[in-house]
Every structure is written in C-alpha cells, then in structure tokens.
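Here is a briefing on one protein chain. Please keep the sequence and the 3D view open while reading.

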Amino acid sequence: MLPFFVLVMIIFASMNAYLIWRVYTAFPQMGWWLWLLIAWGLLMTTGPFWVRQIETARWPGLIVYIWLGVVWWFLAAGLVLDAWNAGVWLVGLKWPAVRAAVLSPQVRFGVVAGLVSLAVVWGLIEVTNIQIRTFHVQTSALPPGSAPLRVAMFSDVHLGTHVGERRVRIIVDRLRQAQPDILIGAGDLLDGDIEQIGHLVDMLREVPAPMGKFAVMGNHEFYVGLDETREVVESAGFRLLRGECVQVGPRVKVCGVDDPAGTRRGGEVFLDEQALLPPSLPDNEIVILIKHRPEVDEASIGRFHVQFSGHSHGGQIWPLHLFSGRSNQFLEGLHELGSRSKIIVSRGAGTWGPPLRLLAPPDVVLVVFEPAPL
C-alpha cells in the first residue's frame with residue numbers, strides 16, 4: 001500500500017501547490033499571509049490521512065474533504081484558463097493585437113474562485129437530491145398477465161461520520177417510494193467506524209421488501225472487515241451473498257459475488273460467477289447478478305437478465321467523469337449487452353471523499369420486470 005499512499009500524497013500536494021501558486025501570482029504582496037496559506041496547504045494535504053484518526057469528529061472531516069473538492073475544481077478550472085492564455089500567446093506571435101485577450105493573474109484567480117464557489121454550493125445541494133431512476137425490463141420469464149416484479153437497488157452509501165442521519169433518511173424515503181418486492185445493496189454500504197452507525201442501520205431495516213433483501217461485498221466492506229460487515233448487513237435485514245445464489249420464489253434467482261478488492265486483504269474471496277450462473281437463460285426464471293464493480297465477464301453474457309452494479313458514483317464531481325469513465329467499464333445507467341442480458345449501474349446514494357456532487361445526482365434504482373408482450 002505504500003506506493004499508493006505516496007502517489008496520493010503527491011497528487012494532493014500538487015493540487016494544493018497549484019492553488020497556492022495561483023494565489024501568490026495574483027497577490028504577490030501577501031506577506032505573512034503566504035506562510036499561513038502554505039501551512040494550510042500542508043495541513044490539508046495530509047488531511048485525508050489524519051482525519052481518519054478522529055472519525056468521531058464530524059467537522060474536521062467535512063472541512064478536509066470539501067477542501068479536496070475545492071482544490072480539484074480550482075485545478076481543473078485553472079488549467080483551462082492557463083490553456084486559454086497559452087493559446088492567446090501563441091496566436092499573438094503572428095497577430096500581436098490578440099495578446100490583449102490574455103487574462104491577468106488577478107482576473108484569472110477571480111474567475112476561477114467564482115466558478116469554484118458556485119461548484120461548491122451546487123455540489124452541497126445536489127448531494128441530497130437523491131433520485132429514483134426507473135428502468136422497465138420486459139421478459140418472457142414472467143407469464144403474460146402476471147404482476148410486474150419490482151427490484152430496487154442502492155449502492156455506495158458509505159455510511160460513516162460524513163454520511164449522517166439526514167442523508168440516510170432521504171435514502172430510506174426513496175426506497176420506500178420505490179415499493180420494491182426485492183431490495184438489493186450493491187456494495188460500499190459501509191465506510192469508517194461502524195460503532196458510529198448503528199442507528200443508521202436501524203433506519204435501513206425499516207424498508208420493506210416482501211421477497212427479501214440481498215447485499216454483496218464492495219471494496220470498502222473489505223476495508224472495514226468481513227466480520228464487521230456481516231454483522232451490520234445482517235442487522236439491517238439483508239442476506240450477504242458471497243459467491244452464492246438464492247432462489248426467491250418460483251421465478252427469481254438472485255446471485256452475488258465479492259468485490260475483487262478482497263484479494264488484497266488475504267482472506268477468502270468468492271468471485272467465480274461462472275460456477276453460479278445457469279448455462280443459459282431459463283425461459284421461466286429471472287436471473288439477477290449482483291456485482292459491486294460495473295465490470296461484465298463476457299462469458300456470463302446470456303446467462304443473467306440484469307447485472308446490478310455501482311462503484312463508479314457516476315463520476316460524482318465533474319469533470320472526474322473523464323477519469324471514472326476510463327477506469328470503469330460502464331459509468332452509469334442501463335446498457336444492453338446482447339443475448340437478453342443487461343447491466344444497470346447506479347450513481348450511488350452517498351459520497352466518498354468530498355461530500356459533494358456535480359452533474360452526477362445520487363440515485364436509487366428501480367427495475368420493473370414486466371411480462372413480454374405476446
């Protein structure tokens with residue numbers, strides 16, 4: 001893990017250094033304020049590490065992670081304006097009059113600061129705007145005229161110090177509105193000290209799902225610990241599926257596998273979906289596969305109806321979409337895979353890192369399986 005931590009430190013330090021440099025170029029006569037800003041940058045650079053040691057303190061963590069969003073947006077917007085100035089300067093080599101469009105350091109800082117302020121306000125509002133995203137899936141596995149099957153899925157809540165009762169209450173309200181027959185937790189329910197979240201788990205237990213509740217291990221569950229995860233998930237009324245399938249009534253089979261992050265923890269991990277899924281889609285049964293990461297095994301296509309996944313957060317804060325879209329096979333939404341198989345990826349109901357969202361509203365997913373028309 002040491003190389004990972006070193007890389008993270010370098011990235012955090014670089015973002016803070018860029019902000020400090022831009023402030024200094026805009027206001028070179030800062031005097032001792034510059035040293036205060038440097039000290040603040042050093043404190044925030046190490047913040048994601050030391051704040052873990054005081055997880056029971058809510059406000060230090062909120063400040064650190066909101067600042068992480070601030071420096072990320074400052075870097076993104078600042079580089080765009082840097083590119084503008086560079087382009088104007090190059091064009092000005094041929095047409096000198098164009099150089100009047102070069103933005104001064106003060107103007108550049110003012111524009112970026114204004115954009116970042118708007119992004120933070122938007123992000124704090126959007127993070128509680130949890131949507132119900134509904135998808136209709138027609139299947140011949142349901143007899144004509146039979147009632148639809150409602151399956152709700154939520155993921156990436158990241159229960160902990162920074163996801164509190166207000167957010168969980170909204171999630172629970174949305175899940176109740178969905179009126180699911182089956183409720184699925186697609187991983188990363190937990191994040192942090194589980195001793196602080198007992199009352200939040202009690203709230204999730206309130207959501208009715210007459211045909212059952214099922215969950216899988218996400219990467220953060222492995223970080224928290226298997227025994228702790230099982231205790232919390234089961235106390236919320238969910239059955240934890242680790243490389244197993246459950247027959248739910250006569251026409252539904254729910255299968256779940258672990259997240260591959262467990263392989264780095266040295267414990268037993270259940271990833272072999274090939275051993276779980278039927279050789280082909282049955283005509284009279286809906287097969288559901290739950291995997292935390294939105295990665296599809298080509299050999300599984302045509303052996304499940306819908307794969308439910310999360311993990312990507314839909315990018316969470318723009319323009320992280322550009323990187324999340326490259327690191328995840330699917331970013332969000334419904335995707336046809338062929339051979340009657342689909343994957344549906346949630347943007348997640350919570351947040352990780354910055355308690356902010358921008359152009360990636362949180363969601364819970366409702367899939368309504370309906371009989372195929374004759």
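The mean positions of the 30 positive and 33 negative charges of the protein chain lie 8 Å apart. Lys and Arg count as positive, Asp and Glu as negative; His and the chain ends are not counted. Each charge is placed at NZ of Lys, CZ of Arg, CG of Asp or CD of Glu. This is a predicted model: local features need pLDDT of at least 70, side-chain atom pairs count only at pLDDT 80 or more, and totals for chains, interfaces and linings use all residues. Residues are numbered from 1 along each chain as its sequence is written, and side-chain values use heavy atoms, with hydrogens and water left out.

**Overall build**

- The protein chain has nine helices and twelve strands. These are DSSP runs numbered from the N terminus (helices: H or I, at least four residues; strands: E, at least two).
- The C-alpha trace spans about 75 × 50 × 35 Å along its principal axes.
- Of the 374 residues, 52% are buried. Buried means under 20% relative accessible area, exposed over 50%, and partly exposed in between (1.4 Å probe, protein chains only).
- The accessible surface is about 17200 Å², and carbon and sulfur atoms hold 64% of it. Areas come from the Shrake-Rupley method with a 1.4 Å probe; for residues, only the protein chains shown count as cover.
- Among contacts with a separation of 6 or more, 73% join residues 24 or more positions apart. Contact means heavy atoms within 4.5 Å.

**Nonpolar cores**

- In soluble globular proteins, nonpolar side chains tend to be buried together.
- The largest nonpolar core holds 35 residues. Such a core is a set of buried Ala, Val, Leu, Ile, Met, Phe, Trp, Tyr and Cys residues joined through side-chain atoms within 4.5 Å.
- Phe154, Val157, Leu159, Leu175, Leu183 and Leu189 touch the most other members.
- β2 (149–154), α5 (165–178), α6 (198–205), α8 (226–235) and β12 (363–371) each supply at least two residues of this core. The most come from α5, with six.
- Apart from this core lies another, of 31 residues, including Val70, Val116, Ile317 and Leu356.
- Leu175 touches Ala152, Phe154, Pro180, Leu183, Val207 and Val364, not counting residues up to four places away in sequence.

- Asp191 sits in the loop between β3 (182–185) and α6. Asp191 is buried, at 15% relative accessible area.
- The Asp191 side chain makes a polar contact with the His220 side chain (3.4 Å). A polar contact is a pair of N or O atoms within 3.5 Å; within protein, one must be able to donate a hydrogen and the other to accept it, and residues adjacent in sequence count only if both atoms are side-chain atoms.
- Leaving aside neighbours within four places in sequence, Asp191 contacts Arg52, His158, Leu159, Gly160, His220, Val224 and Trp352.
- Glu165 belongs to helix α5 and is partly exposed, at 48% relative accessibility.
- Glu165 touches His199, Leu200 and Met203, not counting residues up to four places away in sequence.
- Glu165 and Ile197 are 32 residues apart in sequence and 9.0 Å apart in space, C-alpha to C-alpha.

**Backbone details**

- The peptide bond from Trp318 to Pro319 is cis, with omega near 5 degrees. Pro319 is in the loop between β9 (306–309) and α9 (321–327).
- His311 is found in the loop between β9 and α9. Although not a glycine, His311 has a positive phi of about 80 degrees.
- Arg340 is not a glycine either, yet has a positive phi of about 70 degrees. Arg340 lies in the loop between β10 (333–338) and β11 (341–345) and is partly exposed, at 42% relative accessible area.
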